[in-house]
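Good morning, and thank you for coming. I would ask you to look at the sequence and the structure on the screen while I speak.

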Amino acid sequence: MKEVKVVLYGIGAIGRRMASALLEKKWAKIVGAVDIDPNKVGRDLGDLIGKKPLGVIISDDPDAVLSEAKPHIVVHTTTSYLRDTYPQFVKILGHGVNVVSTCEELSYPYVTEEQRELAEKLDKLAREKGVTILGTGINPGFLMDTLVITLTGPCIRVDRIEVVRQMNAATRRVPFQRKIGAGLTVEEFKRKISSHEITGHVGLEQSIGMIADALGWRLDEVRVEPVEPVIAERPVESEAVKVPAGYCAGLRQRAMGVRGGEAVITLDFRAYIGAEEEYDAITIEGVPTIRERISPCVHGDYGTVGITINSIPKVIKAEPGLKTMKDLPIPSATPSRA
Ligand SMILES: NC(=O)c1ccc[n+]([C@@H]2O[C@H](COP(=O)([O-])OP(=O)(O)OC[C@H]3O[C@@H](n4cnc5c(N)ncnc54)[C@H](OP(=O)(O)O)[C@@H]3O)[C@@H](O)[C@H]2O)c1
């Protein structure tokens, strides 16, 4: 594989893991890094991730980085909502550079009219510039959509799909534990969810949309149930968060794709500190019925880094435009240095 020059855009918990993992890939070279956090800007990326200096200085000026480094692709890991990330994508695509992003709403940006409009503009710009943009990650991006779609491959008929992902959030990065409200009182949780101070999981609607589209199903409605706190029955903790009994350990969220009054796709996401059983369970009712259970569940942070980095060669080879995971060849791992 030819050497791929990569710029990292967003050097948070996931961006730092991307950097470490890319250093293990013999086909990749990190040529630039962008972030707005004043504590990171001006620092060497290698120092920041606890490795030897890389000579890559984190900058808050994406235009300067992209024109100097001339990367083949940007690995983008800033925020979850397309409304916020859209101007960042316009800038990157404007430089004629491919993008792979963990922005959840980009994984299938056709859920609302607003997203669809932004997606169409991104698709047009990417085509004009001859580059590709993809949203991916472990979820959305793989476990509750791409993998499900792949598992329907042998089905003559599909009647109904149910996916449950349950994880112990103590094993996940700290920003994730915060965004699911671990350690808050139930009142704080409800207030922060309704004020959008914490987001909960983002992406169930995107996953449902992608599955329905792949199967050619026209849904009457995508119904997202309110996010529910999971209340700790006993004290539980992670390295970063202590959860007394009666406090919020995390959350549960369900969403349904409804057709003819029936929930034909149900996604059930549960992430909380202290979950004893961890699994990803997929049931496809049809001919034949297929049941898949991954236990323990796939680790979300490693999984996000893996699927994002492994998508790089496929994004570079893809036709120009905005793509989703169902448009690319089947996901596969890429060679490492060792
Ligand atoms: N699809 C999936 O499966 C999946 C999996 C994991 C993560 N994600 C998503 O990926 C994103 C990154 O996750 P994370 O845990 O790494 O978050 P994080 O720790 O908050 O890191 C985000 C970094 O991006 C920086 N940033 C924010 N806006 C920026 C901008 N306009 N320009 C440059 N840098 C900017 C942030 O700086 P400040 O701290 O100063 O804001 C922060 O350093 C999140 O939206 C997360 O939900 C998706």
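I begin with a term: two residues are in contact when heavy atoms of theirs lie within 4.5 Å. With that in mind, consider N168, which touches Y272, I273, G274, A275 and E278, leaving aside residues up to four places away in sequence. Please bear in mind throughout that this is a predicted model.

N168 has its place in strand β7. Is N168 buried or exposed? A residue is called buried when its relative accessible area is under 20%; N168 has 16%, and is therefore buried. One of its contacts, Y272, is 104 residues away in sequence, yet the two C-alpha atoms are 5.3 Å apart in space.

Let me contrast this with another pair. K192 lies in helix α8, residues 186-194. K192 and K129 are 63 residues apart along the chain, and 40 Å separates their C-alpha atoms. The residues that K192 does touch, again without those up to four places away, are L184, E197 and I198.

I turn now to the chain as a whole. It contains ten helices and 16 strands. Its radius of gyration is 20 Å, close to the 20 Å that the globule rule gives for 338 residues, so the chain is as compact as a globular protein of that length. Along the principal axes, the C-alpha atoms fill a box of roughly 55 × 50 × 40 Å. Of the 338 residues, 55% are buried. Among contacts with a separation of 6 or more, 71% are made by residues 24 or more positions apart. The accessible surface of the chain is about 15,300 Å², and carbon and sulfur atoms account for 49% of it.

Helix α9 runs over residues 204-215, twelve residues in total; at 1.5 Å a residue it should span 16 Å, and its end C-alpha atoms are 17 Å apart, which agrees. Which residues of α9 are buried? They are L204, Q206, S207, I208, G209, M210, I211 and A212. An α-helix has 3.6 residues a turn, so residues three or four places apart point the same way. The cover over the buried residues of α9 includes the helices α5 (113-129) and α6 (146-151), together with the strands β7 (157-168), β8 (221-224), β12 (248-259) and β13 (262-272). Strand β7, which takes part in this cover, is also the strand that holds N168. After α9 comes G216, with a positive phi near 70 degrees.

We come to the ligand. Which residues come nearest to the ligand? Of the 25 residues around it, these are I14, D35, K40, E104 and R173. In the side chain of K40, an N or O atom is 2.7 Å from an oxygen atom of the ligand. E104 places a polar side-chain atom 2.6 Å from a ligand oxygen atom. T136 takes part through its backbone, where a polar atom is 3.4 Å from a nitrogen atom of the ligand. On its own the ligand has 920 Å² of accessible area, and the protein covers 80% of this.

Two residues in this part of the story deserve a further word. T136 lies in the loop between β6 (132-135) and α6, and it counts as buried at 2% relative accessibility. Its contacts include V100, S101, T102, I307 and M325. D301, in helix α10, counts as buried at 0% relative accessibility. D301 touches I14 and R173, among others, and both of those are named among the residues nearest the ligand.

Finally, some remarks on the backbone. Most residues other than glycine have a negative phi, and most peptide bonds are trans. Where are the exceptions here? A cis peptide bond joins N139 and P140, with omega about 10 degrees; P140 is in the loop between β6 and α6. The bond from S295 to P296 is also cis, with omega near 0 degrees, and P296 sits in the loop between β15 (290-294) and α10.

As for phi, K70 has a positive value near 45 degrees. K70 is in the loop between α3 (62-69) and β4 (73-76), and is exposed, with a relative accessible area of 56%. H196 has a positive phi near 65 degrees. H196 belongs to the loop between α8 and α9 and is exposed, at 65% relative accessible area.

Thank you for your attention.

Key:
Residues numbered from 1 in each chain as written. Heavy atoms only, no water. Helix = DSSP H or I, 4+ residues; strand = E, 2+ residues; numbered from the N terminus. Expected span 1.5 Å × (residues − 1). Buried < 20%, exposed > 50% of the residue type's maximum accessible area, 1.4 Å probe, protein only. Near = heavy atom within 4 Å. Polar contact = N/O pair within 3.5 Å; in protein donor to acceptor, adjacent residues only side chain to side chain. Areas by Shrake-Rupley, 256 points an atom, 1.4 Å probe, with all protein chains shown as cover. Rg over C-alpha atoms; globule rule 2.2 N^0.38 Å.
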